[in-house]
Amino acid sequence: MKRVNVAICGFGRIGQQIAELLLNRSTYYKQKYQVDARLVGVCNSSSGLIDQDGLQASKWLDKAQYQAGLTEQKFLQQVQADVIIETGPSDYVTGGKGLFYLNYALTHNMNAIAVSKGALVVEGKKLINLAHQHNKKLFFSGATAAALPTVDLFEYNLAGCQILEIEGVFTGTTNFILNDMLQHECAFTESLEKAQVKGIAEPDSSFDVDGWDTAAKITILANTVLGADIKIKDIPRQGISHVTADHIRDWKNENLTPRLVGFIHIKNQQIQTGVELRLVAANHPFAHLQGSNKCIRVLTQEMGELVVSGGASAPLATAAAALKDFELMLKTYC
C-alpha cells in the first residue's frame, strides 16, 4: 500500500477541520485507492508539530506538544511530506507566508493544495507554471468559493470550451446578509451581527462586505483559468454596506433581488472584470439563493449557458473542498 504523507501549514480553524476530515476518511482512502494517507505535520505562525507515524487529534489539539520555531522553512525541511495543504491567513499584497509555503513545496518534490487566496491572487499564474516546470500539481478549489465548484468546472466539465462570460455570487457572507435584510427589512448592521454570531462573517467583515473577497476570487479565476494578468487593485468594485432597509423595501416592491456579483466578460479577446451590486429579476438563478449559498453562471461558445449553485459557506464545506482536491490528486498524480 502506497503511503502519502500530508502536512498542513497555517494550522487554524480550517486546518483543524481538514485534519479531522482527513483522519475520518483514512479507511476510505485505503479501500478505494490503496493509499495510506497520514497527517505527519502541522504548523502555525510560531510553532509546529511533526510525527512521521501520523498525528492524532489528541496530539494536534494539545498546544503543549508544539515545538516553538518549528514553522516555515524549518518545518518544511523536517516534515517529509508528499502533499502540503496551505490554510493560513491571506496576504493580498505580497502573498505572505502562503506564497512561501507553496513555492517551497512545488520546488521540493511536493504537490500543493491552496485554501487561502492571497498567494494565488498575487502569483497564481506563476505558481501554476512552477508546478508544471517541476512536474507537480497545484490544486486550489478551496480558494475559489470553496464548496461551490469553480476551477474544476472549467478544468474538467468545460475543458476546451471557449469561455464568453463568467458571473457569480461568490461570497456567502454578503449573500447571507442581503437575504436576511430581504426577509426582515432590517438594517445592514443588524444582519451583519447575525452573520457574525453564526460564524459566517468575521469580526472584521470589511473584506467580504466591501467586495474584496469576490474580487480576489475573480482575480484567481481570470488569471488561472483564462490566462489573464489581472491585479486585484485594478478591479472596479462595489460593496453592500451602503444598503439600507429603505433600499430593500423599494427593491422588493419592484420584485428585484440584490446580489453582489463578480463578473468576467470576454469580448474580442479583451477581458473585463468587476464586482457590482446588481438587482436581478425574480426568475434569475441568482435570485433563488438562500442563506449563504453561492452560484456561478458560465456562458460558453460550444455548450451554451451553465449554472451551478449551492456550496454554502461553512468550515466543513471548505475542508471538504480541500480534500476533494486531495482525492483528485490521489486519482491522477499519486
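Where does the largest pocket lie, and why? It lies between domain 1 (1-146 + 313-330) and domain 2 (154-308), because both give residues to its lining.

Some ground rules. This is a predicted model, with local features requiring pLDDT of at least 70 and side-chain atom pairs pLDDT 80 or more, while totals for chains, interfaces and linings take in all residues. Residues are numbered from 1 along each chain as its sequence is written, and side-chain values use heavy atoms, with hydrogens and water left out.

Domains, then. The chain splits into domain 1 and domain 2, with bounds from an automatic or database domain assignment. Their C-alpha centres are 28 Å apart. Domain 1 puts 17 residues into the contact, and domain 2 puts in 22. Contact here means heavy atoms within 4.5 Å.

Back to the largest pocket. Its volume is about 990 Å³. A pocket, on a 1 Å grid over the protein atoms alone, is an open set of points where a 1.4 Å probe fits, with protein on both sides within 12 Å along at least five of seven lines; lining residues have an atom within 4 Å of a point. Volume is the space filled by probe spheres set on the points, which are joined across faces, edges and corners.

The lining has 36 residues, and closest to the centre are Arg 13, Ile 14, Lys 117, Glu 202 and Asp 213. Elements giving two or more residues are α1 (13-24), α8 (172-184), α10 (206-209), α11 (212-225) and α13 (315-332). Helices are DSSP runs of H or I, at least four residues; strands are runs of E, at least two; both are numbered from the N terminus. By class, the lining holds 11 nonpolar, 16 polar and nine charged residues. Nonpolar covers Ala, Val, Leu, Ile, Met, Phe, Trp, Tyr, Cys and Pro; charged covers Asp, Glu, Lys and Arg; the others, Gly among them, are polar.

Next, the second largest pocket, at about 380 Å³. Of its 24 lining residues, Phe 140, Val 151, Glu 155, Thr 224 and Val 225 are the closest to its centre. Helix α7 gives the most, five residues. This lining divides into 15 nonpolar, four polar and five charged.

Phe 140 returns in the largest nonpolar core. That core has 70 residues, and Leu 138, Phe 140 and Ile 240 touch the most other members. A nonpolar core is a set of buried Ala, Val, Leu, Ile, Met, Phe, Trp, Tyr and Cys residues joined through side-chain atoms within 4.5 Å. Buried is under 20% relative accessible area, exposed over 50%, partly exposed in between, with a 1.4 Å probe and protein chains only. Helix α6 gives the largest share, seven residues.

What does Phe 140 contact, leaving aside neighbours within four places in sequence? Ala 114, Leu 120, Ile 128, Val 151, Ile 220, Thr 224 and Asp 325. Apart from this core lies another, of 31 residues, including Leu 21, Leu 39, Ala 319 and Phe 326.

Last, two backbone points. Most residues other than glycine have a negative phi. Gln 80 has a positive one, about 55°, in the loop between α4 (72-79) and β5 (83-86). Asn 109 is positive at about 65°, in the loop between α5 (96-107) and β6 (111-114). Gln 80 is exposed, at 55% relative accessible area. Asn 109 is exposed, at 57%.
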